[in-house]
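Reader: I would like to go through this model term by term and hear what each label rests on.
Author: Then let us look at it together.

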Amino acid sequence: MLSEKWKCFCCPPIVKPPRRGVIVPMDSTRPEHERQIQTQAHQLLAQTQTSPVKPKRKKSDLTLAAVVIIQTWFRRRRALYEMRRKTAWTIYQNIEYAGEQDQLKLYNFFLELMQAVTKNPHDAQVVAKVLRRNSSLTGLVEEIETENLAAAEVISVEPSYRGPHIHTPIHKGHFEALIIAFQRGETLHAHYVFLILQELRNILKRLPNINIVSTHQSKCVTVVGDLHGSFADLMVIFHKNGLPSNENPYIFNGDIVDRGFQSIEVFLLISVAFIVYPNNVYLNRGNHEDHVLNLRYGFMKEIIYKYKSNATRLLRLMENIYSWLPIASLIDDHIFVTHGGISDITDIKKINKIKRHKYVSVLSPSFIIPPNEDQFQISSIPNDILLEWRQILDLLWSDPKQTDGCEPNTYRGGGCYWGPDVTQQVLQKHNWSLLIRSHECKEEGFGYSHDKKVLTIFSASNYYAAGSNRGAYVKVMTNQPLVIVQFMSTRTSQRTLTLWERVSYVEDQAIKNLAEKFTANKSRLMHEFQLFDVQNTGRISVNDWCDVVTRVLDLQLPWRTLKSRLVDTDMNGNVVYESTFRSRELQFTSSVSTNVRRESLCQAIYRNKDLLETVFRAIDKDNSGVISMQEFTEVCTFLGKHNGSTLDEKQIMDLAASIDLNKNGVIDFNEFLEAFRIVDTGDRL
């Protein structure tokens with residue numbers, strides 16, 4: 001009795017479910033992608049399992065299968081990120097180089113303007129004087145004029161000034177004080193700016209065209225590429241590599257200014273380091289050390305904003321200093337360092353003989369319009385002068401290419417493309433082993449080409465957008481391999497971006513820049529789209545859409561890859577072309593109903609705003625930010641003299657008054673744009 005099992009007949013029987021054969025349960029509450037990964041792991045395990053195994057081995061096989069699935073997913077995702085990043089990079093580079101082409105075409109713009117109103121080819125050349133900043137004085141008189149520009153004593157320091165004070169001789173303490181002041185966001189007084197630049201110019205004038213650098217005493221030298229006004233990147237370099245000194249020499253390989261918001265601070269800091277250590281800090285000229293590019297890329301605007309009353313003198317002095325910068329450096333007689341590159345005519349003997357200070361602007365050299373301009377003809381320019389100019393132009397503007405040969409650099413509009421055969425030829429001719437250059441933004445901050453005989457170093461990180469690229473510098477040591485150091489400057493309050501965030505942000509900024517191009521060219525694009533849409537369906541093929549945007553925007557981009565981010569497509573795969581402009585509209589036209597003429601005009605102004613701003617600043621000779629009546633009169637008189645039309649003083653003043661809408665006696669940039677709008681509308685009527 002006692003051994004019998006007691007059962008309660010009033011309670012239902014308890015049935016226990018059998019144990020599962022699978023060790024790892026499938027949780028239905030997990031996300032869909034995790035369940036898919038585990039399902040794939042089970043399937044893979046079932047295919048590979050040929051004999052019963054112990055539970056432990058089954059678990060390890062399942063784990064291994066899951067790892068394979070996760071790795072495959074990660075690699076595909078990483079490849080997708082890489083494709084998106086490279087596409088965004090291509091957009092940035094195409095837009096950047098298109099802007100440089102526009103600036104180089106500005107000189108031709110003035111020539112074409114003159115050719116439209118006169119048949120005299122001489123007049124067409126003379127009009128280029130509008131952009132010329134060169135002094136017509138020569139020799140001792142020009143030197144006296146420049147010394148007067150650089151005179152710091154004529155500018156008094158106000159008692160209220162609380163920034164750093166500089167005096168001669170400039171020493172290491174001044175250099176360190178400037179670093180602290182600039183980190184605090186302080187602006188150096190104009191008196192001390194002129195004092196530094198005057199000392200800089202005096203030393204530069206004594207230097208050869210090519211710096212001779214040796215690592216035998218210091219054991220190494222650091223080459224820094226483009227900084228483009230990035231004070232944060234310069235501070236990162238000094239923090240990681242140490243401040244310049246006799247034991248820690250530097251070569252700054254051009255493009256110190258433009259684009260960044262602290263170009264003058266970066267230039268002054270490097271200049272003071274050069275003054276304190278003239279035998280161990282070396283400066284090379286870049287293509288942006290040119291006032292023609294400063295007109296467009298921000299340095300002129302920065303100077304006017306920070307040094308209003310002294311901006312004109314300061315800009316003229318900077319132009320003169322540019323002309324005295326050396327154009328290359330040679331390390332230990334076998335490593336050639338220059339900003340852009342070389343060409344098939346590069347010859348160090350000819351480069352050493354050039355009087356570099358003649359080239360105040362490499363883009364608009366003085367020989368184009370000599371003093372005796374009344375007898376000037378382009379055909380009269382000697383070939384040796386043109387070849388001399390090309391020596392400097394190629395050093396500052398050229399880019400390497402993968403194929404042999406040497407051809408004009410149509411992508412940028414200046415310099416040349418040179419191939420591996422040219423590199424081999426020039427290096428062999430001069431017994432060099434390596435060419436270090438900058439001039440070209442690299443995603444990792446550096447890049448080798450031509451069988452590692454050409455090294456590109458770019459030191460401005462986040463150049464296109466936050467996270468778009470790293471910066472780098474290279475340490476050249478005696479009889480040792482090069483050491484390349486990469487970095488990326490970030491704000492102290494900004495956390496490190498993940499891969500997804502970095503790629504997404506860079507891509508979004510690139511698409512935003514591209515959308516601006518679409519909006520600025522909307523009328524032209526719509527006209528071309530409608531030519532292919534004969535039946536007015538609002539749709540065209542993908543091929544036609546790609547052809548139109550390539551031709552109108554003049555940008556060679558992977559449009560098929562970008563299509564999904566830029567336009568909508570219908571069920572048949574055709575592009576709804578009006579969706580091209582859905583991403584961005586001009587703020588001043590998005591909420592206003594306008595007719596076709598006004599809409600097209602606004603786009604024309606927006607499209608040419610950079611060009612119009614450059615013309616405006618060229619006319620604004622005193623860099624005051626407005627065109628005075630005297631400046632406007634001089635331009636009108638100059639143009640009238642050479643195109644045969646005569647305007648008396650009253651007519652010129654009436655014309656100026658019609659542009660001066662607020663009647664304050666000067667023409668600001670908005671009024672200048674409004675005058676362009678009126679003229680453009682009149683041409684259409």
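Reader: What makes histidine 191 buried rather than exposed?
Author: First, the basis: this is a predicted model, in which local features need pLDDT of at least 70 and side-chain atom pairs count only at pLDDT 80 or more, while totals for chains, interfaces and linings use all residues. Residues are numbered from 1 along each chain as its sequence is written, and side-chain values use heavy atoms, with hydrogens and water left out. Buried means under 20% relative accessible area, exposed over 50%, and partly exposed in between (1.4 Å probe, protein chains only). Histidine 191 has a relative accessible area of 17%, so the label is buried.

Reader: Where does histidine 191 sit, and which residues does it touch?
Author: Histidine 191 belongs to helix α6, residues 190-204. Helices (H or I, at least four residues) and strands (E, at least two) are DSSP runs, numbered from the N terminus. Contact means heavy atoms within 4.5 Å; leaving out residues up to four places away in sequence, histidine 191 touches Ala152, Glu153, Ile155 and Val157. The C-alpha atoms of histidine 191 and serine 156 are 6.7 Å apart, although 35 residues separate the two along the chain.

Reader: How do you know that asparagine 284 is buried, and what is its polar contact?
Author: Asparagine 284 has a relative accessible area of 1%, so it is buried. It lies in the loop between β4 (281-283) and α9 (291-297). A polar contact is a pair of N or O atoms within 3.5 Å; within protein, one must be able to donate a hydrogen and the other to accept it, and residues adjacent in sequence count only if both atoms are side-chain atoms. The side chains of asparagine 284 and asparagine 211 come to 3.4 Å, so the pair qualifies. Asparagine 284 also touches Ile251 and Phe252, among others.

Reader: Why is strand β2 described as largely enclosed?
Author: Because 5 of the 5 residues of β2 (residues 220-224) are buried. Cys220, Thr222 and Val224 cover one side, and Val221 and Val223 the other.

Reader: What makes β3 and β13 partners of β2?
Author: Two strands pair if DSSP finds at least two bridges between them. β2 has 5 bridges to β13 (residues 471-477), in the antiparallel sense, and 3 to β3 (residues 250-252), in the parallel sense, so both pairs meet the rule. Valine 221 stands opposite valine 476 in β13, and valine 223 has isoleucine 251 in β3 as its bridge partner.

Reader: Why are β7 and β8 called edge strands?
Author: The open sheet of 3 strands is ordered β7-β9-β8, with mixed pairing. β7 (399-400) and β8 (406-408) each have a single partner strand, so one side of each is left without a neighbour in the sheet. β8 runs antiparallel to β9 (residues 416-418), with 3 bridges between them.

Reader: How do you know that the buried residues of α18 line one face?
Author: In helix α18 (residues 559-566), Trp559, Leu562, Lys563 and Leu566 are buried. The arc is that of the directions from the helix axis to the C-beta atoms. The buried residues of α18 fall within an arc of 135°, so they line one face of the helix.
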